[in-house]
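Reader: I have a structure open here and would like to talk through a few of its contacts and folds with you. Could you start with what you mean by a contact, and then we go on from there?

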Amino acid sequence: MRIDHHPILKTFEKGKLVKFLYDGKVMEGYEGEPIAVALRANGVMIHRYTSKHNDPRGVFCAIGRCTDCVMVVDGEPNIRTCITPLQEDMKIETQYGISNNKEDESI
Amino acid sequence: MKRYELIIIGAGPAGLSAAIEAASNGMQVIVFDENERPGGQLFKQIHKFFGSKEHKAKERGFRIGEKLLKEAEDLGVEVQLKAAVMGIFDDKEISVMLDGRVEHYRANNIVIATGASEKMLPFPGWTLPGVIGAGAAQTMMNLHGLKPGARVLMVGSGNVGLVVGYQLLQAGCKLEAVIDAAPRVGGYGVHAAKLARTGVPFYMSHTIKEADGDSCVKGAAILAVDSSWQPIPGSEKYLEVDTICMAVGLSPMSQLARTAHCEMENNPLKGGLVSICNKYGETSTPGVYAVGDVAGIEEASSAMIQGKIAGAAISFDKGYISEAEFTTRYEEYQNSLMQLREGMFGHKDKDSADTEHTEEGYTLSQSLLSKGYMEAEEIGEYPGIYPAEYRSKGVFPVIECSQNIPCNPCQDACKRGCIKVSGKITNLPSVDTSVECTACGMCVVSCPGQAIFLVDETLAPGYASVAIPYEFYPLPEPGSKGLALDRSGTSLGEAEVLKVQSSKAMDETAVLTMKVPVEWSMQARFFQVY
């Protein structure tokens with residue numbers, strides 16, 4: 001998924017390679033790149049499930065406008081992963097409604 | 001409350017240009033932008049821009065962005081990032097969300113340059129992961145070096161869809177098709193031709209029926225529509241794609257203008273709800289200006305000029321430049337803007353545009369409009385096509401430019417003066433057969449539409465050379481073999497790479513010269529690596 005050599009841009013400036021947790025699994029991404037980019041590079045497409053219909057959602061606008069890509073980041077829900085920079089050891093979780101718990105009935 | 005002489009909202013091409021103009025006249029300027037990086041969408045634009053020299057034509061968008069930022073910085077313009085302006089109140093006061101706090105600023109003048117957002121098209125499955133905006137694709141691949149997907153369907157054939165489609169190919173994705181509900185390609189024919197000759201099919205009068213998949217996109221069902229936009233039964237096709245990219249138009253982000261009580265109008269020609277502005281970009285609220293896409297959807301090149309006009313008008317109003325100086329500058333900028341608005345894609349009612357003929361009376365290629373490429377038999381008539389009777393004397397340029405687009409870098413590129421765009425900037429370029437071509441390749445790389453080729457039918461008995469612009473990785477080695485494709489992307493047969501030229505002046509567009517049988521000299525327009 002990553003572009004190794006771009007005909008016009010050549011290479012992309014990236015931060016250091018860091019580990020992060022996605023739903024408990026260890027993954028790698030580059031520090032400072034949007035969380036959504038690191039996830040997509042790891043093949044993660046589903047960021048959250050909607051509260052009413054449990055529909056999967058992922059990246060849509062990638063510029064922080066549509067809020068479709070929000071996830072639970074370090075315990076905080078509704079974080080726009082397309083504009084939030086990845087940091088080492090970040091804990092990123094799929095969001096269900098506004099919770100990180102699939103069974104949460106309160107939402 | 002902090003005070004500035006001029007507040008600009010949005011650090012894209014329009015906002016930065018307004019800031020540069022005003023600051024260069026001595027004004028104290030601050031620019032707010034909600035994003036982490038300035039430049040608006042310019043840094044995602046990796047293609048060469050159209051226009052003329054003063055419009056920064058043949059420069060790539062991100063390089064224009066770098067220059068604007070440098071200029072603004074050198075002039076002491078303050079750029080406040082991660083600052084979302086929430087409203088414009090009476091007496092030109094604004095509230096800004098900064099670091100979780102709300103701050104208030106006031107200025108004598110405000111320029112709204114907030115740009116546009118992407119329009120969307122709802123259809124069954126459109127919320128599935130894998131359905132993205134064309135802007136999202138650009139953000140992923142051109143800013144972050146990530147392919148949005150492996151196999152992509154582009155919905156929309158305007159310039160955004162065509163340009164992003166080409167960028168997807170450059171990133172290494174497969175573009176399965178470009179579809180559009182309209183019967184004709186909406187963007188520049190040359191942009192479509194760049195895709196078509198690599199083999200990308202165009203389905204005009206087609207819409208998307210649904211995105212297929214349970215957890216993310218696995219495919220897309222498309223179907224044909226008739227002239228009244230109704231689905232044609234039995235026309236459904238299934239495309240195996242993992243990404244559906246939407247490029248169905250932009251809409252001005254004019255909410256702030258409403259908060260400033262600007263008089264608004266819903267103008268379909270401008271892309272939606274916009275503030276009503278005078279010729280300097282000033283809204284009905286005195287001292288509040290709107291420039292760039294927020295004032296009506298156009299190109300970044302026009303946005304930059306609109307920014308300069310507003311910057312100059314404000315500078316004059318506040319006494320920073322004389323009336324004479326302002327008049328001179330305004331006329332220069334206005335002429336430049338009007339040039340960009342000329343032609344069949346200009347800022348006017350597109351439905352009234354002649355789809356049969358160019359302004360000079362040449363027949364427009366209907367195949368280019370319906371399939372994305374010109375048929376070989378349509379080529380002959382245009383003034384950029386070297387006449388057959390002169391072709392035996394050696395290498396000659398072939399300019400496959402057939403629509404009235406505001407663009408003329410080709411005439412500056414040829415130092416020998418072989419290429420002329422006479423009269424209006426939108427006129428088709430013509431070739432002068434009395435000038436000998438040295439095959440330097442500068443015209444090939446300077447054409448933002450990649451529509452110029454160099455052909456030599458005297459290469460060897462039975463063989464011709466065809467030089468094409470080439471912007472893919474890796475660059476083929478001289479001596480390597482591959483397929484020569486025609487304008488539709490259909491393979492003609494084997495071709496051999498003779499040479500690959502690239503230099504700093506060519507700005508990452510290589511000139512690839514291939515050897516082909518002479519009968520393909522006016523057909524072979526792309527080289528596909530085996």
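This is a predicted model: local features need pLDDT of at least 70, side-chain atom pairs count only at pLDDT 80 or more; totals for chains, interfaces and linings use all residues.

Reader: Take B:Glu298, then; what does its side chain pair with?

Author: B:Glu298 meets the side chain of B:Arg341 in a salt bridge, with 2.9 Å from N to O. B:Glu298 sits in the loop between β19 (288-290) and α7 (300-317) of chain B, while B:Arg341 sits in the loop between α8 (323-340) and α9 (366-371) of chain B, so the pair ties together parts that are 43 residues apart in sequence.

Reader: How accessible are B:Glu298 and B:Arg341?

Author: B:Glu298 has 15% relative accessibility and counts as buried, whereas B:Arg341, at 22%, counts as partly exposed.

Reader: What about B:Glu359, which partner does that one have?

Author: B:Glu359 forms a salt bridge with B:Lys424, at 3.2 Å from N to O. This pair links distant parts of the chain, 65 residues apart, with B:Glu359 in the loop between α8 and α9 of chain B and B:Lys424 in the loop between β21 (419-420) and β22 (430-431) of chain B. B:Glu359 is partly exposed at 41% relative accessibility, and B:Lys424 is partly exposed as well, with a relative accessible area of 37%.

Reader: And which residue does B:Asp317 bridge to?

Author: The side chain of B:Asp317 meets that of B:Lys318 in a salt bridge of 3.6 Å, N to O. B:Asp317 counts as partly exposed at 49% relative accessibility, and B:Lys318 counts as partly exposed at 35%.

Reader: Which residues are linked in a network of salt bridges?

Author: B:Arg60, B:Arg63, B:Glu471 and B:Asp507 are linked in such a network.

Reader: Now chain A: in what order do the strands of the open sheet run?

Author: The open sheet of chain A has five strands in the order β2-β1-β7-β5-β6, and their pairing is mixed. Its edge strands are β2 (25-30) and β6 (76-80), each of which pairs on one side only. From one strand to the next, the twist averages 40°.

Reader: How many bridges join β1 to β7 there?

Author: Strand β1 (residues 17-22) and strand β7 (residues 91-93) of chain A run parallel and are joined by two bridges. In β7(A), A:Lys91 is the bridge partner of A:Leu21.

Reader: Last one, on the surface: which residues form the nonpolar patch with B:Met97?

Author: B:Met86 and B:Val102 form that patch together with B:Met97, and their accessible area together is about 240 Å². B:Met97 is placed in strand β5 (residues 93-98) of chain B, and at 34% relative accessibility B:Met97 counts as partly exposed.

Technical notes
Residues are numbered from 1 along each chain as its sequence is written. Chains are lettered from A and ligands numbered from 1 in the order in which they are written. Side-chain values use heavy atoms; hydrogens and water are left out. Patches are made of residues with over 30% relative accessible area and no salt bridge: like charges are joined within 9 Å, nonpolar side chains (Val, Leu, Ile, Met, Phe, Trp, Tyr) within 5 Å. Accessible areas come from the Shrake-Rupley method with a 1.4 Å probe; for residues, only the protein chains shown count as cover. A salt bridge is a side-chain nitrogen of Lys or Arg within 4 Å of a carboxyl oxygen of Asp or Glu. Helices (H or I, at least four residues) and strands (E, at least two) are DSSP runs, numbered from the N terminus. Buried means under 20% relative accessible area, exposed over 50%, partly exposed in between (1.4 Å probe, protein chains only). Two strands pair if DSSP finds at least two bridges between them. Axes are lines fitted to C-alpha atoms, for helices over the stretch in contact, and angles run from 0 to 180 degrees between N-to-C directions.
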